[in-house]
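Hi everyone, thanks for coming.

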Amino acid sequence: MIKLKEVSKSYGPTVALHTVDLSIHGERTTVLIGPSGCGKSTLLRLIIGLIQPDTGCAAINGITVSPGILLQLRQRMGYVIQEGGLFPHLTVRRNVTLMALYLGWEKQRIQNRLNELIELTRFPGDRLDCYPLELSGGQRQRVSLMRALMLDPDVLLFDEPLAALDPMIRSELQEDLKRIFKTLKKTVVLVTHDLSEAGYFGDRIVLLKEGRIVQAGTLAELVRTPAEPFVTRFINAQRSFLEI
Ligand code: ADP
């Protein structure tokens with residue numbers, strides 16, 4: 001469903017991604033993992049078209065990601081970042097419904113969708129008219145998730161969505177996210193540097209190192225048949241957190 005073909009990206013002298021080929025399957029959760037600076041966020045931003053590759057191209061369902069079709073593509077992709085990326089001067093309701101209003105959805109359709117999302121994400125409905133700063137970090141991420149889901153996109157992209165949360169809130173949200181992924185059967189791409197989170201969510205894990213894909217597979221495959229010694233070193237560094 002998502003295909004990256006010979007994609008590369010540099011920032012001045014820094015090579016963020018060497019030439020990368022990757023196919024991401026539909027209706028599954030793919031996790032991009034690797035040490036800080038290995039190119040995970042760059043890969044995600046190329047998929048959503050926030051940045052353009054120097055070579056190659058990304059395609060979603062056969063449609064090449066290019067500046068000319070960004071608005072159309074954005075409606076089919078939900079994007080959640082670490083701090084939520086909400087507009088601070090807009091209420092929860094406005095943040096979530098902004099794109100639907102822009103697209104001219106009728107009032108009742110917007111309200112119905114909002115009700116569905118409140119239930120799905122377990123966001124407290126009496127807080128819809130609060131501003132982001134009046135919410136807890138966990139609530140803000142639920143709002144960010146509602147906003148990403150509002151237009152019922154095919155693809156959901158998450159860039160370290162839980163990294164800034166304390167452990168209890170993080171664990172609650174992990175469970176909710178997993179339930180939502182399972183219920184909605186979306187194509188999910190999630191960036192994390194945390195292997196236990198990757199194992200929890202990922203049907204497939206893509207491990208990167210210095211702008212290259214080192215191995216892609218299930219966590220068990222990475223553990224049992226590492227493509228190179230780095231895979232084992234990366235796993236062992238976080239092994240105490242794993243139940244495998
Ligand atoms: P990760 O998400 O794995 O931490 P990134 O994709 O953010 O890694 O970054 C990969 C490399 O590209 C890093 O060396 C980073 O410093 C560099 N980089 C990312 N974005 C920019 C930018 N806008 N300008 C300059 N360098 C960047």
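Which residues surround the ligand? They are Tyr11, Thr14, Ala16, Pro35, Ser36, Gly37, Cys38, Gly39, Lys40, Ser41 and Thr42, where a residue counts as near a molecule if one of its heavy atoms lies within 4 Å of it.

Before I go on, a word on the ground rules. This is a predicted model, so local features need pLDDT of at least 70 and side-chain atom pairs count only at pLDDT 80 or more, while totals for chains, interfaces and linings use all residues. Residues are numbered from 1 along each chain as its sequence is written, and side-chain values use heavy atoms, with hydrogens and water left out.

Back to that shell. By type, the residues divide into 4 nonpolar, 6 polar and 1 charged. For that count, Ala, Val, Leu, Ile, Met, Phe, Trp, Tyr, Cys and Pro are nonpolar, Asp, Glu, Lys and Arg are charged, and the others, Gly among them, are polar. At least two shell residues come from each of β2 (14–24) and α1 (40–48), and α1 gives the largest share, with 3 residues. Helices here are DSSP runs of H or I with at least four residues, strands are runs of E with at least two, and both are numbered from the N terminus.

Now for the polar contacts, meaning pairs of N or O atoms within 3.5 Å. Ser41 places a polar side-chain atom 2.8 Å from a ligand oxygen. For Lys40, a side-chain N or O atom is 3.0 Å from an oxygen atom of the ligand. Gly39 uses its backbone instead, with an N or O atom 3.1 Å from a ligand oxygen. Taken alone, the ligand exposes 560 Å², and the protein buries 60% of that; these areas come from the Shrake-Rupley method with a 1.4 Å probe.

Let's turn to the sheet. It is open, with 4 strands in the order β2-β1-β4-β5 and antiparallel pairing; two strands pair if DSSP finds at least two bridges between them. β2 and β5 (63–64) stand at the edges with a single partner strand each, so one side of each has no neighbour in the sheet.

β1 (residues 2–11) pairs with β2 over 7 bridges. Along that pairing, Leu4 faces Leu22, and Ser10 has Val15 as its bridge partner. The hairpin joining them has 2 residues between the strands, and Gly12 takes a positive phi near 55 degrees there.

β1 also pairs with β4 (residues 55–60), over 5 bridges, with Lys5 opposite Cys57.

How values were computed:
A polar contact is a pair of N or O atoms within 3.5 Å; within protein, one must be able to donate a hydrogen and the other to accept it, and residues adjacent in sequence count only if both atoms are side-chain atoms.
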